Amino acid sequence: MEKEKKILYSGMQATATLQLGNYLGALKNWVNLCDEYDCFFGIMDLHSLTVRQNPAEFRQNARKLYALYVAAGLDPEKNCIYYQSHVSGHAELGWILDCFTYMGELNRMTQFKDKSAKHADNINAGLYTYPVLMAADILLYQADVVPVGADQKQHLEITRDIATRFNNIYGDVFTIPEPYIGKTGARIMSLQDPTKKMSKSDENINSTILLLDDRDSIIRKFKKAVTDSEAIVRYGDDKPGISNLMNIYSTITGKTNEEIEREFEGRGYGDFKLAVGECVADELAPIQKRYEELMADKAYLNNCIKENADKARYFSNKTLRKVQKKVGLTEQIR
Ligand code: TRP
C-alpha cells in the first residue's frame, strides 16, 4: 500500500489584498508543496476579526482571496481550501486550548505587543488569544508541517508547547507540527525602502507590487525601484535594493545569484529592472486571467467553497471529538 502523505497546514488572514511578498514568500511555495503533502489551506477570517473590519469589504476580500488561492495553483479538488469560520471546530478547540495556555506565555508574544501598539484603541481579548486559535487551526488537522514566515515562528513554537502539554496529560492526541521555512523568496522587501518588508499597507504605492496590478504598473514600479550608485548587478548586504530585485528574479526564474550576475555583467540597472519587471508580469499574467474567470463563475467557486468546508469539517471533527472525550466533556446523545 502506498505510504500516506504527511499533512501540511497553512493559511493567511482574509484581509490581505495579496502583494508579491505574500505570493513569492507563501503562496508559490505552497503550490510547490502540494504534491508532496496532503494540504489544508485556510482563509483565516476569524483571526481577521481581531482588527475592526468593514463587513462588506471584508466579505469581498475573503472571496477574492479564495479565488486567488485557486488562481495561483492550489487545487480545490486535491487540496482542502476553506474558510476557518465555516468549521466551528476551530473556535471550539480554541476555547479548550485557551484553558491549557498560560497568560505568561501569551504575554511574551511579540506580535501581540506590536499589534497592541498599533491598535491602542482596540486591544481586545481576541488579539491576546490569537496564537491559541492558530494552534487550534494547526492541531485540528494533525498537521506535520506548517509553512510560515519568520514573523509566525513564535506562534508555531507556542503551538508545539500547547500540544506537548496536552499530550503529556492525555496521551498522544496531537501531532507536534514542524515549521517549514522556504529557501528563497521568504522575505521580499519594499521597492522604495529595501530595508523594510514589502507591505500592502505601505503609503507609497510604488513600494508594493499587488498581485492584481496590471503589466504597465508592474514594470513602472520596478523601473522606479530604489537601488544604489554602483551600477553593478551584484548580491550583497551593502546593496539591499539590488539584492531584493535579485531575490525576486531568482525566485521566479530559478536562476542562482551567480547566474544573474553573469547575465547582467556590463549592463546597466535599467536593463535589469526591466527584466525583473517583465518576469514578474509574465508570472502574474496567467494567475490574473484565471482569477478573473473564477470571480465570474459564481457557481463553480461556491461549489468549491461548500465541498471543501465539508471536507475540512469531516477531518477536523475526528480530532475535536477525541479532545472533548479526553478532557471529560459529556458525549452528545445523537
Ligand atoms: N497568523 C498567520 C499570519 O498572519 C495566519 C494563520 C492563522 C496561520 N492560522 C494559521 C498560518 C495556521 C499557518 C497556520 O500569517
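**Helix contacts and voids**

So, let's begin with H3 and H12: on the H3 side we have Gln60, Arg63, Lys64, Ala67, Leu68, Val70 and Ala71, and they meet Ile287, Arg290, Tyr291, Leu294 and Met295 of H12. Contact here means heavy atoms within 4.5 Å. Sorted by class, that contact has eight nonpolar, one polar and three charged residues. For the classes, Ala, Val, Leu, Ile, Met, Phe, Trp, Tyr, Cys and Pro count as nonpolar, Asp, Glu, Lys and Arg as charged, and the others, Gly among them, as polar.

Some housekeeping before going on: this is a predicted model, where local features need pLDDT of at least 70 and side-chain atom pairs count only at pLDDT 80 or more, while totals for chains, interfaces and linings use all residues. Residues are numbered from 1 along each chain as its sequence is written, and side-chain values use heavy atoms, with hydrogens and water left out. The helices (H or I, at least four residues) and strands (E, at least two) are DSSP runs, numbered from the N terminus.

Back to the pair. The axes of H3 (residues 55-71) and H12 come within 9 Å and cross at roughly 125°. Axes are lines fitted to C-alpha atoms, for helices over the stretch in contact, and angles run from 0 to 180 degrees between N-to-C directions. H3 and H12 are therefore oblique to each other; the scheme is under 35 degrees for roughly parallel, over 145 for roughly antiparallel, 65 to 115 for roughly perpendicular, and oblique for the rest. The crossing of H3 and H12 is right-handed, and that word applies if the near helix is turned clockwise from the far one by less than a right angle, left-handed if anticlockwise.

What does H1 do with H12? The axes of H1 (residues 20-33) and H12 (residues 269-296) come within 13 Å, crossing at roughly 70°. H1 and H12 are therefore roughly perpendicular. In this contact Leu20, Tyr23 and Lys28 of H1 meet Val280, Glu283, Leu284 and Ile287 of H12. The class count is five nonpolar, no polar and two charged residues.

Next pair: the axes of H7 and H8 (residues 153-170) come within 9 Å and cross at roughly 70°, which makes H7 roughly perpendicular to H8. Their crossing is right-handed. Among the H7 residues that meet H8 are Tyr130, Pro131 and Met134.

Now the voids. On a 1 Å grid over the protein atoms alone, a cavity is a set of points where a 1.4 Å probe fits but cannot get out, a pocket is an open set with protein on both sides within 12 Å along at least five of seven lines, and lining residues have an atom within 4 Å of a point. Grid points are joined across faces, edges and corners, and a volume is the space filled by probe spheres set on the points.

How many cavities of 30 Å³ or more are there? The count is one. The largest cavity has a volume of about 40 Å³, and its lining is Gln111, Phe112, Lys115, Leu127, Tyr130, Pro131 and His155. H6 (110-118) and H7 (125-140) each supply at least two of the lining residues.

Last, the largest pocket: its volume is about 1700 Å³. Of its 48 lining residues, the closest to the centre are Gln13, Asn22, Asp151, Gln152 and Lys197. H1 gives the largest share of that lining, six residues.
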